[in-house]
Amino acid sequence: MRKVFACSAAVVASTLVVAALAAAPVSAEPVRQSVTWSADPADGPGAFNSVQCADGHFKTATDAAKGKVWVAEQLAQEERCEAVGPDLAAGKTFYLGWSSKYRITDSTSRYVFQLKCSPSTGTANHPIVLKISGGKLQLEEWTTDHTSVKLWNAPVSNDEWHDIAFRISTDRTQGTIQFWFDGKRQTFADGSTTYTGTTIDGTRNYLKWGVYHQADETATQWFSKIRMGDSLADVTG
């Protein structure tokens, strides 16, 4: 009798364990990340549509903090040293992320990131711009009549890394911009954290990284792997 009882108890215990496991909540699967485009310096410049720079001055280097990085070296009197990223379409939403440091030793304003449109005349020309001017990194939106809206700025120093991220939805008048600097979502000059305005215009729109605006002295931007994706997590960290 004792043996039969022991077996029965074991069966009951096993049944209870199975029931408990069945009743336990199922852990949610992690959200799958989706990187839709990237430009990794380890893979060479093939991800870019083109490079607009003096020969040999858009290149890669090894940085002590970031590993292999892109280098855009705009020589004195050269108009630009930029790499051209993917084309964009209206009605889309995407995230962008990368890290940058700069070395600019003169007072000339330099564009270091552009969402650019064509043609340049009769359009916003560059609806979204990050530029270095007066020792500050500045974010501007440009309207369809090519008027600058100054959204945000922060002081930056030469040879100091900063993390950049955007959420952009593309529309000629009702596009939106969200911006993260060094991991923190930023508040714009109008008090909002989402700006609504022009983020695309003309017949072709595309992204550019590097240094733009002719000057008397050489200027350099270093930047890490660039990622475009469907979430902030896709393009940061």
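Ser 99 touches Lys 66, Trp 161, His 162, Asp 163, Trp 222, Phe 223 and Ser 224, leaving out residues up to four places away in sequence; contact here means heavy atoms within 4.5 Å. This is a predicted model, where local features need pLDDT of at least 70, side-chain atom pairs count only at pLDDT 80 or more, and totals for chains, interfaces and linings use all residues. Numbering runs from 1 along each chain as its sequence is written, and side-chain values use heavy atoms, with hydrogens and water left out.

**More on Ser 99**

- Ser 99 sits in strand E6; strands (E, at least two residues) and helices (H or I, at least four) are DSSP runs, numbered from the N terminus.
- With 8% relative accessibility, Ser 99 counts as buried, the cut-offs being under 20% relative accessible area for buried, over 50% for exposed and in between for partly exposed (1.4 Å probe, protein chains only).
- Its side chain makes a polar contact of 2.5 Å with the side chain of Asp 163. That term covers a pair of N or O atoms within 3.5 Å; within protein, one must be able to donate a hydrogen and the other to accept it, and residues adjacent in sequence count only if both atoms are side-chain atoms.

**The largest pocket**

- The largest pocket holds about 200 Å³ of space.
- Of its 15 lining residues, Trp 98, Asp 163, Val 235, Thr 236 and Gly 237 are the closest to the centre.
- A pocket is an open set of points on a 1 Å grid over the protein atoms alone, where a 1.4 Å probe fits, with protein on both sides within 12 Å along at least five of seven lines; lining residues have an atom within 4 Å of a point.
- Strand E6 (93–103), strand E11 (162–169) and helix H2 (232–235) each give at least two residues to the lining of the largest pocket.
- That lining splits into six nonpolar, six polar and three charged residues, with Ala, Val, Leu, Ile, Met, Phe, Trp, Tyr, Cys and Pro taken as nonpolar, Asp, Glu, Lys and Arg as charged, and the others, Gly among them, as polar.

**Around Leu 88**

- Leu 88 lies in strand E5 (residues 80–88) and is buried, at 14% relative accessible area.
- Beyond four places in sequence, Leu 88 touches Phe 94, Leu 115, Ile 200, Asn 205, Tyr 206, Leu 207 and Met 228.
- Leu 207 is 119 residues away along the chain, yet its C-alpha atom is 8.0 Å from that of Leu 88.

- Most residues other than glycine have a negative phi, and most peptide bonds are trans.
- The Ser 118 to Pro 119 peptide bond is cis, with omega near -5 degrees, and Pro 119 is in the loop between strand E7 (110–118) and strand E8 (128–133).
- Asn 125, in the loop between E7 and E8, has a positive phi of about 75 degrees and is buried at 14%.
- His 146, in the loop between E9 and E10, has a positive phi near 60 degrees and is partly exposed at 34%.
- Thr 143 is in the loop between strand E9 (136–142) and strand E10 (148–155), and its side chain makes a polar contact of 2.2 Å with that of Asp 145.

**The whole chain**

- The protein chain has two helices and 17 strands, and 44% of its 237 residues are buried.
- Among contacts with a separation of 6 or more, 65% join residues 24 or more positions apart.

Note on methods. Grid points are joined across faces, edges and corners, and a volume is the space filled by probe spheres set on the points.
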